[in-house]
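Reader: I am new to this structure. Could you take me through it?

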Amino acid sequence: MTKIIKMRHLAVIIGIVLIAIGMAVGTICHFVGRGFFSYGGEFASYKSVEVTAYNVGDNSGETLKNLAEDKLGSLGAYNVTFSEAQTNTPNTVVYKFSQSVSDEKLKEAANSLQSALDEAGLFNATVEVHFNQGVVGGLYLLKFAAIAIASAVAFQVLYSLVRFKPGMALAALCSQIFVAGLYAALLAITRCPIGLEAIAFGIVAVVLNMICSSLFFDKVKKAYKEESKAKVSKLDLVAEGALSTIKTNAFVCIAAVVAVVIFMIFAVVASPAWATLVPYGAAVFAIAACACAFGVFTPAVYSLFSAIDKRKKF
């Protein structure tokens with residue numbers, strides 16, 4: 001019997017404690033910070049200043065960009081984009097700011113920039129301040145991601161109930177709740193920005209855990225049917241199944257890590273900045289949650305439910 005099975009109660013307790021800590025941190029941040037999660041560019045509320053001017057006398061937009069940087073650069077924009085004028089559109093510069101930038105400073109800088117643009121003689125120059133509430137859209141997507149994950153979990157539970165045994169179906173349900181909960185807890189604790197990729201990685205974690213746990217349950221079910229193991233205790237068979245599948249399951253997670261690293265390298269080559277690597281933090285947490293599930297939690301929790309499942313009598 002492995003140490004994991006011997007310490008099954010402790011493993012379950014530690015998993016629950018980690019999730020509870022994450023939920024507590026997220027709840028505190030929800031009331032005193034910017035939200036349960038730290039929302040990224042797609043979901044975060046932000047303030048922006050949009051500066052436009054037709055290219056008469058400023059074909060390249062350099063004057064527009066220089067004046068905008070002079071008046072807005074000191075406010076700490078986290079994103080600046082420039083769109084060159086087309087046939088019917090003006091040169092456009094957009095500065096995005098976090099919610100922490102005061103409205104007064106933003107409006108003061110915008111008014112100063114408008115005066116500078118007028119003095120420079122730029123044609124139809126405008127400066128507009130926008131207040132964008134992005135969290136609503138984020139919650140909309142998170143809701144549908146939660147539905148997708150819940151559907152996948154329900155499918156696995158039903159599949160495990162038909163393909164394996166009732167105790168395994170219960171263990172599968174607990175394992176998936178653990179993966180989703182641990183992933184969310186890690187994101188909440190570390191304040192890793194939540195974007196579209198974080199939702200996708202969460203779904204990947206659930207699917208990976210579905211594959212890994214099914215391999216484990218299949219191994220244990222086959223052991224239950226072997227006449228040569230009729231006198232071996234269930235806990236020993238569970239431990240044996242965990243040991244025999246850990247290499248295969250670890251390979252799945254390692255392959256996922258390698259894929260993430262490759263994508264990170266290409267991303268950094270395309271855009272060499274620390275911000276480029278931030279989304280991949282969610283991928284690391286998703287794989288870590290899956291690895292903890294198949295390596296510790298699933299065998300531990302099934303050892304508690306194994307008493308429900310009947311073995312073949314020889």
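Predicted model: local features only at pLDDT ≥ 70, side-chain atom pairs only at ≥ 80, totals over all residues.

Reader: Which residues have the most contacts inside the largest nonpolar core?

Author: They are Tyr-183, Leu-187, Phe-217 and Tyr-302, in a core of 48 residues. Such a core joins buried (under 20% relative accessible area, 1.4 Å probe, protein chains only) Ala, Val, Leu, Ile, Met, Phe, Trp, Tyr and Cys residues through side-chain atoms within 4.5 Å.

Reader: Which helix gives the most to this core?

Author: H10 does, with 14 residues. Helices here are DSSP runs (H or I, at least four residues), numbered from the N terminus.

Reader: And what does Phe-217 touch?

Author: Leaving aside residues up to four places away in sequence, Phe-217 touches Phe-164, Met-168, Ala-171, Ala-172, Thr-298 and Tyr-302. Contact means heavy atoms within 4.5 Å.

Reader: Changing topic, how do H7 and H8 cross?

Author: Their axes, lines fitted to C-alpha atoms over the stretch in contact, with angles running from 0 to 180 degrees between N-to-C directions, come within 8 Å and cross at roughly 150°. The two helices are therefore roughly antiparallel (over 145 degrees).

Reader: Which residues meet there?

Author: Among them are Leu-208, Cys-212 and Leu-215 in H7, and Leu-237, Val-238 and Gly-241 in H8.

Conventions:
Residues numbered from 1 in each chain as written. Heavy atoms only, no water. Buried < 20%, exposed > 50% of the residue type's maximum accessible area, 1.4 Å probe, protein only. Parallel < 35°, antiparallel > 145°, perpendicular 65-115°, else oblique.
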